[in-house]
Amino acid sequence: MTIKNFIHECQKKDVLKFISIYLVSTWVLLQVMAVIWEPIGLPKKSVTSLILLLLVAFPFYLYYIYKFKVNNETEHGPDVPAVDAAGIAAFKKMYFSSLSVIAVTCAFISILIGKANFLNDRGPNKDTVIAVATSSIVDVSDKIAVLKFGNNTGNDQLNVLGKMAADWIVHGINEKQIAQVFSTETIQQYSKDFGIPTSTDAENVLKKYIKPSKIISGNYFIDNDRLVLQASVSTGDTSELLISFKPQYCDQENPLECVESVKQLIMGYLFLEDKDQSLNLQERPPKFSSYEALLEAKANQDQPELYLSLLNKSITEDPNFFEPQVLRVAHYYGLENYKVADSLRLQIKATDFKNKRQANLLKHYEALIKGKNDQIYATIREEYKYTPKDLMTNSGTMTVALQYVNRPQDVEAIFNQVSMHQVDLTNCYICEIRLYVNALALIELGKFQQVIDSLQPINLKLGSTVLTKSLISAYVRSDQKDQLQKLFNQREVQTNLQDLAGYYSFAGEEALLVGDAAFAKANFLKTIELSKGFENHQVLEALVYTGDYEKSLKMTNSLLSKNPKDKSLLSLKAIALAKTNQSKQAEMVLASMQQLKNSYDYGATDYQLARYYAAMGNEDKALLLLRQSIASGSIFTSRTFQNDPYFKSLSTTPKFKKMMIYWH
């Protein structure tokens, strides 16, 4: 029998009609149950249970259709001809084959649903199940009860405040869907519906009949004409105090101020309580609105102004919230506004002296401000132990390992903690930074092909400036000039002239590092050729490296007019002056540069002075200044120390190599 004939026979024998009745009835029943399960007090998974029952019943229903509807009209009919008997047998075979397939499918789906909703629970079903015969209620651990706050003011006119506080908290928890809540009215309804004596207080009703996982309660009183609202959270079974919140004070004429503050504290606690407590930066939770602003800030790290605004909002909402305060310090530090960062750091006080993470983070930012690179690495490694897969912490640890203590060998293991598989790099700025820092570390270790293999397909899509420079470095250092030219050809189409000139200048510096002076000069000349109409640091470096000191002096003066305190520009100006036999003027520039040195210099002045003396051939003075620079907190980048062409002849000396492990 063909499938087409089988379906025709099913239609003829009303099989499809009976199946339609079952499916429609099932749908209606599920719709009704989805609406009424909660009002009549059934468990949350009642609808799931009904779906399982209907799935399991479906194959039996199909058997019932055949046994009592189809079979009566065929096999038991009078005088069945032999031809019809063969058709009946074929239909029966097809019917029961289909029934077997449907039964197996229903069983499989039932197992999946059952496993997902029942077998994976961390214990027995925790939903409320009312058993009328025994007047008992099964334990509830996924719901919270909020009791009316007690009035200890002695003023009955303030009774309404107790209900207001409870309602406000219930509304906040429901709005953010933090948990399911039992309000005072719900508890009273339980008392009425189950005949519980009205003399029984609400807390006893909860413990005996409802058994929530937590109970939120509180009271309020008057202290020196100010209203004081205090709240606590306790366990639902033993009344063990989980947390008592700091009392909130407000004017008697504005009680909502207290109520809102208490609500925020409670919501913050409930939101964070299930997280790993070792990750909490403070014992007492922040206000929920403050925590929301922090989460929004973290989601907008690629927009500095918005990020800072949201951090400030978080701190304003809860001045005792520790995390946004340290992130604000980090933000200003990243902007190289060290004075503001230091000032903000000194304003932070550890809110919980027992909290090791707070103490460690404060030490970390103190080390950053003071330029103690070994302590910076030690403290960020400690933080990394708590959250190795957090993108910010992971990226920061990679950066510190490479740039602050010159340990490229540590970077790849940290990078591999977070999988980059299927990451949408176009929407993940921090992911791009992680790829860049890892590439720099691999270049330091001489793993050029690994950088090329990992970045080549990614950079084609992103067109990232920093990743392009990493590829340029890998191509030049592995002597793959043909691949480098292909990259330049791509960028000529996709990139503006200033960025393109920067790429050629970077390639020239990389060529100097590998001793290919001719290739370096060709790239510098290309930079100068592309620079008609604009001036920047890369073009200036190209002019200096090609020995065109007259033009470099003019460009330096032009750039210094916009940024007179730029020490790298002053250093290049001094070099150009000295190379054009203007030694006294060069000395004056160096003196003015030294006057710019301040408490937050981090070795920048000493480093630029070292470049000057290296250019002048005074290697001993250059080495001394480089060591002072490192000791003051200078960092190792893709263009400094061993990556700076000015120090190429020094980089192979024992003294230089010893400096590179100064912080190890």
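A search of the whole structure, which is a predicted model, turns up 1 disulfide. The partners are cysteine 250 and cysteine 258, with their sulfur atoms sitting 2.1 Å apart. The torsion about the S-S bond comes out at -125 degrees, making the link left-handed. Both cysteine 250 and cysteine 258 are tucked away as buried residues. Two further cysteines are worth a look here. Cysteine 10 has a relative accessible area of 5%, and because the cut-off for buried is under 20%, it counts as buried. Cysteine 106 lands on the buried side too, at 8% relative accessibility.

On to helix H21, which runs over residues 497-513. Its 17 residues reach 25 Å from the first C-alpha to the last, close to the 24 Å expected at 1.5 Å a residue. Of these 17 residues, 13 are buried, so H21 is largely enclosed by the rest of the structure. The N-terminal end of H21 is capped by asparagine 496, which puts a side-chain oxygen 3.2 Å from the backbone nitrogen of glutamine 498. Past the other end, just after H21, glycine 515 adopts a positive phi of about 80 degrees.

Val24, Trp27, Val28, Val32 and Ile36 make up a nonpolar patch of about 470 Å².

How values were computed:
Residues numbered from 1 in each chain as written. Predicted model: local features only at pLDDT ≥ 70, side-chain atom pairs only at ≥ 80, totals over all residues. Heavy atoms only, no water. Helix = DSSP H or I, 4+ residues; strand = E, 2+ residues; numbered from the N terminus. Expected span 1.5 Å × (residues − 1). Buried < 20%, exposed > 50% of the residue type's maximum accessible area, 1.4 Å probe, protein only. Polar contact = N/O pair within 3.5 Å; in protein donor to acceptor, adjacent residues only side chain to side chain. Patch = residues over 30% accessible without salt bridge, like charges linked within 9 Å, V, L, I, M, F, W, Y side chains within 5 Å. Areas by Shrake-Rupley, 256 points an atom, 1.4 Å probe, with all protein chains shown as cover. Salt bridge = Lys/Arg side-chain N within 4 Å of Asp/Glu carboxyl O. Disulfide = S-S within 2.5 Å.
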